[in-house]
Amino acid sequence: ITDVAPGGVAERIGLQVDDIVVGFNGRPLADSADLVKSLLQWETLENTRIIVYREGDYHELTLD
């Protein structure tokens, strides 16, 4: 993640600059294009789970 807009969905779910998104709703992601494809196919962001690698640890972020 290179930027997080104030008040945007990324901020609401808890993403931070330098996070590496490695999973989306239980599915591993191969690269950033895979994340974009997953987001475009997802109908609602409610109950979304994102796994990020941050500062040496994995974290699950959710948007309820």
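Visitor: In this structure, the side chains of which residues meet in a salt bridge of 2.8 Å, N to O?
Guide: The model is predicted. Side chains of opposite charge can pair when their charged atoms come close. A salt bridge here needs a side-chain nitrogen of Lys or Arg within 4 Å of a carboxyl oxygen of Asp or Glu. At 2.8 Å, N to O, the pair that meets is R27 and D34.

Visitor: How many salt bridges does the count come to?
Guide: One of them joins the side chains of R27 and D34. The side chains of R54 and D19 also meet in a salt bridge, at 2.7 Å from N to O. The count comes to 2.

Visitor: How many residues apart in sequence are the parts that the pair of R54 and D19 ties together?
Guide: The side chains of R54 and D19 meet in a salt bridge. R54 belongs to strand β3, while D19 sits in the loop between α1 (9-13) and β1, so the parts tied together are apart in sequence by 35 residues.

Visitor: What is the relative accessibility of D19, and is D19 buried or exposed?
Guide: The partner of D19 in the salt bridge is R54, and R54 counts as buried at 14% relative accessibility. The cut-off for buried is under 20%. D19 has 2% relative accessibility and therefore counts as buried.

Visitor: In what order do the strands form the open sheet?
Guide: The protein chain has 2 helices and 4 strands, and its elements run α-β-β-α-β-β from the N terminus on. Between β1 and β3, which run antiparallel, there are 4 bridges. A further 7 bridges join β3 to β4 (residues 57-63), also an antiparallel pair. The order of the strands in the sheet is β2-β1-β3-β4.

Visitor: Which strands stand at the edges of the sheet?
Guide: The open sheet has the order β2-β1-β3-β4. Each edge strand has a single partner strand, so one side of each is left without a neighbour in the sheet; these strands are β2 (27-28) and β4.

Visitor: In the hairpin of β3 and β4, which residue takes a positive phi?
Guide: In β4, D57 is the bridge partner of R54. The hairpin has 2 residues between the strands. The positive phi, near 50 degrees, is taken by E55.

Visitor: Are the rings of Y53 and Y58 stacked, edge-to-face or tilted?
Guide: A search of the whole structure finds 1 aromatic pair. The ring centres of Y53 and Y58 are 4.9 Å apart, with the planes at 55 degrees, so this pair is tilted. Planes under 30 degrees apart would count as stacked and those over 60 as edge-to-face, so the class that remains is tilted.

Visitor: How much accessible area do I20, Y53 and Y58 have together in their nonpolar patch?
Guide: I20 lies in strand β1 (residues 20-24), and its bridge partner in β3 is Y53. I20 is partly exposed, with a relative accessible area of 46%, and Y53 is partly exposed at 30%. Y58 counts as exposed, at 60% relative accessibility. Together, the accessible area of the patch is about 330 Å².

Visitor: What radius of gyration does the protein chain have?
Guide: The C-alpha atoms fill a box of roughly 30 × 25 × 20 Å along the principal axes. For 64 residues, a compact globule would have a radius of gyration near 11 Å. The value for the protein chain agrees with this, at 11 Å.

Visitor: What percentage of the 64 residues in the protein chain is buried?
Guide: Residues count as buried under 20% relative accessible area. D19 is one of them, at 2% relative accessibility. Of the 64 residues in the protein chain, the buried ones make up 28%.

Terms used:
Residues are numbered from 1 along each chain as its sequence is written. This is a predicted model: local features need pLDDT of at least 70, side-chain atom pairs count only at pLDDT 80 or more; totals for chains, interfaces and linings use all residues. Side-chain values use heavy atoms; hydrogens and water are left out. Rings of Phe, Tyr and Trp (its six-membered ring) pair if their centres lie within 6.5 Å; planes under 30 degrees apart count as stacked, over 60 as edge-to-face and the rest as tilted. Buried means under 20% relative accessible area, exposed over 50%, partly exposed in between (1.4 Å probe, protein chains only). Patches are made of residues with over 30% relative accessible area and no salt bridge: like charges are joined within 9 Å, nonpolar side chains (Val, Leu, Ile, Met, Phe, Trp, Tyr) within 5 Å. Accessible areas come from the Shrake-Rupley method with a 1.4 Å probe; for residues, only the protein chains shown count as cover. Two strands pair if DSSP finds at least two bridges between them. The radius of gyration is taken over C-alpha atoms; the globule rule is 2.2 Å times the number of residues to the power 0.38.
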